[in-house]
Structure formats: C-alpha cells, structure tokens
Amino acid sequence: MRVLVTGAGGQLGQDVVRLFGAAGHGVMPCDHKSLDITDNAMCLNRVLEYKPDAVVHCAAYTAVDQAESDVDKAYGVNAVGTRNLVVAAEQVKAKFCYISTDYVFDGNSDVPYQEYDNTNPQSVYGKSKRAGESLVQSLSSAFFIVRTSWVYGLHGNNFVKTMLKLGREKQVIRVVNDQKGSPTYTVDLAAFLLELVQTEKYGIYHASNAGACTWFEFARAIFEEAEKVWVQALPVNVEPCTTKEFPRPAPRPRNSVMDHLSIRTNGLRDLRPWREGLKAFLQEYQKK
C-alpha cells in the first residue's frame, strides 16, 4: 500500500511513518516545509504525483490557547487544509484517515463519549477540528475519523516530558485534578492506525490507551513508573489543584474520556491500558 502521511515531522506523524514503513508499505512523508496543506494546488499536485492508496492526515494546528486569538489560521489549517487534502485524495480514490480530538465534545458528560454522540466543541481549536471532521464526512467516499486524546511520544513536547523535566527541577508540582481523560502513547495510536487503514471498516473511531485518569493522577503515575523503570528516585511532591486556579484562554473539557465502541463493534484490537503505554514510553525514552 502507498501511503501519504501529512504532519510527518510531528509527534504522531514520525511514529506513523516509522511503523507503516516497517510494515512494508511505501510511505511519502510530508511535513509543513514539503507540503503546505493550505495551498489547494500544491495538495492536488502532490497527491496526483504520488497516487497514494491512503492518506493519513496527522498535520494540524494544535496550539489550543493560541487558536482563541488566531482563529483564521486554526481554521485555515484544520478545516481548509483538510478539505484540500480530501478533495485531492478523491481524485485518486485514496482512503482518507483524519486524526481528530476529544475537544470536539464539551466535556460535560458524566459518562465516556461514544463515536456518534453529538459534538459540542467549546474552544476555537475544537470547533476547527470539528469543521475538519464535517468536511471529511461530506467530501470523502472512504474515510476514517480517529479521535484521540492526551497524546505523548518520543518526538516533540508533551505533558510527560514536561513532568519529567519539572521533577528534576522542582520539589513541588501542582497539577489539575478535575479534568479526566485517557493518555495516549503515539506508538500505540500509530499501530492502531496501521491496522485500521488496511481495512474498509470506514467511519468514526475513538482511539486512546484504555482506562482513564485525571492530569494529577497521570503526573503521579509518571513519577511512580519512572522510578521503577529508571531505578532512580525523583523526590518531587505532586499536589492536586483545580482548573480555576490555572485559568487559560481556551476552556478545557472536564471529562474527555471516550468509549471505544467502534473498535469493539468492528472487531479491531483495542489499545493497551494507559499505564502500560506509559511504561513502554519511559523504557524507550531512557534509551535516547
């Protein structure tokens, strides 16, 4: 299978390129330097030139707080850029896999969100990603929309790396304990995408590591697992706090836990528990 990957230099994109390549697929990695997705003609030319069987669209505008004041750019990348790629993919009858987010929900549910629950994004970032979903659904004849959450990996900046850095520098860290979600290791998500894209089981999927925690519980687990994996004590004290104590420009979902209904009903393999993913990440991070 020939696969074009956007956002190939990003946190998820790098693992997608590596895993698809290792599985024997032909991969064309595209980062923002080699493909400006907001340029319609460039998208069309690149896709017609490579003629992929599938497009895995990892590229996105993900600066959640900045998006509140940079509305045009957020929509330019997440909506217009996505439309450009879908239209190009349709020209060569390529499958289209769009990576979306838990931010398409309002976070007010007391139970995990299922794939076909009504969306109600509260931030510009969430609204722009939901716009991308709508364009994929209306313009692609063979699509996968994969919503994920709390992503971290070996490449780029993320919560796990930040915690490990602060754990070496500070004695006390305060982390919010009233936002709940599911941490997702990029390698596990990329492995799921590899399995999914080879099928014709089109539709919307929720894909995150299994289980849920608050950011505070996640932070505490990071230090507990790091001490086991690295056999090195990080004498930092993690204290819980509320979202109100750390106001941000963009609202955060209180509950972004997503049920994996589509994975189960389509007979696909679910992602492993989040704590196992964290342990695997720490083992790989130690080698760097």
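Arg 252 forms a salt bridge with Asp 65, with the closest N and O atoms 2.6 Å apart. Arg 252 lies in the loop between strand S12 (237-241) and helix H8 (261-265), and Asp 65 in the loop between strand S3 (54-57) and H3, so the pair ties together parts that are 187 residues apart in sequence. Arg 252 is partly exposed, at 24% relative accessibility. Asp 65 is buried, at 18%. The model is predicted. It holds 14 salt bridges.

Another of these pairs is Glu 225 and Arg 275, whose closest N and O atoms are 2.7 Å apart. This pair also links distant parts of the chain: Glu 225 sits in helix H7 (residues 215-230) and Arg 275 in helix H9 (residues 274-287), 50 residues apart. Shared partners join Glu 224, Glu 225, Lys 228 and Arg 275 into one salt-bridge network. Glu 225 is buried, with a relative accessible area of 3%. Arg 275 is partly exposed, at 29%.

Within helix H1 (residues 11-22), Arg 18 and Asp 15 are three residues apart, which separates them by about one helical turn. Their salt bridge has its closest N and O atoms 3.3 Å apart. Arg 18 is partly exposed, at 47%, whereas Asp 15 is buried, at 1%.

Helix H2 (residues 40-50) buries Cys 43, Arg 46, Val 47 and Tyr 50. These residues lie on the same side of H2, because they cover an arc of only 95° around the axis. Their cover includes strand S1 (2-6), strand S2 (26-30) and helix H3 (71-91). Asp 39 caps the N-terminal end of H2, with a side-chain oxygen 3.1 Å from the backbone nitrogen of Ala 41. Just after H2, Lys 51 takes a positive phi of about 50°.

Definitions and conventions
Residues are numbered from 1 along each chain as its sequence is written. This is a predicted model: local features need pLDDT of at least 70, side-chain atom pairs count only at pLDDT 80 or more; totals for chains, interfaces and linings use all residues. Side-chain values use heavy atoms; hydrogens and water are left out. Buried means under 20% relative accessible area, exposed over 50%, partly exposed in between (1.4 Å probe, protein chains only). Helices (H or I, at least four residues) and strands (E, at least two) are DSSP runs, numbered from the N terminus. The arc is that of the directions from the helix axis to the C-beta atoms. Contact means heavy atoms within 4.5 Å. A polar contact is a pair of N or O atoms within 3.5 Å; within protein, one must be able to donate a hydrogen and the other to accept it, and residues adjacent in sequence count only if both atoms are side-chain atoms. A salt bridge is a side-chain nitrogen of Lys or Arg within 4 Å of a carboxyl oxygen of Asp or Glu.
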